Amino acid sequence: RELSILNTIAKALNQEVDLTRALSVALRDVAELFDLETSWIFLFNNEAKLYLAAAQNLPPALAKHPRRMGGGCTCIDDYNEGELNSPRNFTCSRLENLSVGTAGLRQHASIPLNAHGKPLGILNVASTDWVDLHDDDLKLLYLVGDLVAIAIERARLFDRSAELGAIEERNRLAREIHDTLAQGLTA
């Protein structure tokens, strides 16, 4: 089971270089393979702040009110303080005080996403018939988190290489225009 899950997710992630599509594929496969209802990923932006990068099947109380997914919460606070070093079950501080639109969700598991010792974000997973995930599933989700982190880094590197390619092409065109104008003026 574990090898099949890792293989399925790795294969899906290796086919994507677009970050948004890679995260959507990862969330879909994680939910399906672990028989979970919902999942979401927070990533750090360029200003080192976490933002909601992708989500699947959020309960209505969160999906219809996106501002509730902003700001701090227990799992983000623990991650920012360096206390979320391995997957852990949480009572969701975003959902615990809501009575309507939670689809029965109260808890989730949080998996830290890191690449080369650099924090990237958090993968969260939940199910409506929630019970704490077992240690074996948490360990497996940690490996899945590593695959997701690699896909995030690869997508970011791909975007960066595309930007560098565009800059090089602009510089080449500028040189050609400059040379053409200089030759014309000289003639």
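Biologist: How are residues numbered, and what pLDDT do local features need?
Modeller: Residues are counted from 1 along each chain as its sequence is written, while side-chain values use heavy atoms, with hydrogens and water left out. Because this is a predicted model, side-chain atom pairs count only at pLDDT 80 or more, totals for chains, interfaces and linings use all residues, and local features need pLDDT of at least 70.

Biologist: At what angle do helix α1 and helix α2 pack, and is α1 roughly parallel or roughly antiparallel to α2?
Modeller: Helices (H or I, at least four residues) and strands (E, at least two) are DSSP runs numbered from the N terminus, and axes are lines fitted to C-alpha atoms, for helices over the stretch in contact, with angles from 0 to 180 degrees between N-to-C directions. Helix α1 covers residues 2–14 and helix α2 residues 19–33, and their axes lie 9 Å apart at an angle of about 160°. Angles under 35 degrees count as roughly parallel, over 145 as roughly antiparallel, 65 to 115 as roughly perpendicular and the rest as oblique. The angle of about 160° therefore makes α1, relative to α2, roughly antiparallel.

Biologist: Which residues of α1 and α2 meet, and how many of the contact residues are nonpolar?
Modeller: With contact meaning heavy atoms within 4.5 Å, Ile 5, Thr 8, Ile 9, Ala 12 and Leu 13 of α1 meet Ala 22, Val 25, Ala 26, Asp 29, Val 30 and Leu 33 of α2. Ala, Val, Leu, Ile, Met, Phe, Trp, Tyr, Cys and Pro count as nonpolar, Asp, Glu, Lys and Arg as charged, and the others, Gly among them, as polar. On that division the contact of α1 with α2 holds 1 charged residue, 1 polar residue and 9 nonpolar ones.

Biologist: What is the strand order in the open sheet, and which strands stand at the edges?
Modeller: Two strands pair if DSSP finds at least two bridges between them, and the 5 strands of this open sheet, with antiparallel pairing, have the order β2-β1-β5-β4-β3. Two strands have a single partner strand each, so one side of each is left without a neighbour in the sheet, and these edge strands are β2 and β3.

Biologist: Which strands pair with β1, and over how many bridges?
Modeller: Strand β1 pairs with β5 (residues 118–126) in the antiparallel sense over 6 bridges, and in that pairing Ile 122 is the bridge partner of Phe 42. On the β2 side, Leu 43 has Tyr 51 as its bridge partner, and Ile 41 stands opposite Ala 54. The antiparallel pairing of β1 with β2 (residues 50–56) also has 6 bridges.

Biologist: How many residues of β1 are buried, and which are they on each side?
Modeller: In a regular strand the side chains alternate between the two faces of the sheet. Buried means under 20% relative accessible area, exposed over 50%, and partly exposed in between, with a 1.4 Å probe and protein chains only. Thr 38, Trp 40, Phe 42 and Phe 44 are buried on one side, and Ser 39, Ile 41 and Leu 43 on the other. The count for β1 (residues 38–44) is thus 7 of 7.

Biologist: Where does His 116 lie, and is His 116 buried or exposed?
Modeller: β4 and β5 form a hairpin with 2 residues between them, and His 116 in the turn has a positive phi of about 55°. His 116 lies in the loop between β4 (107–115) and β5. With a relative accessible area of 82%, His 116 counts as exposed.

Biologist: Is Met 69 buried or exposed, and which residues does Met 69 touch?
Modeller: Met 69 is found in the loop between α3 (60–63) and α4 (74–80). At 5% relative accessibility, Met 69 counts as buried. Not counting residues up to four places away in sequence, Met 69 touches Trp 40, Phe 42, Leu 52, Leu 58, Leu 62 and Arg 94.

Biologist: Which residue of β4 stands opposite Asn 89?
Modeller: Asn 89 is found in strand β3 and, at 22% relative accessibility, counts as partly exposed. Strands β3 and β4 run antiparallel and are joined by 4 bridges. The residue that stands opposite Asn 89 in β4 is Ala 109.
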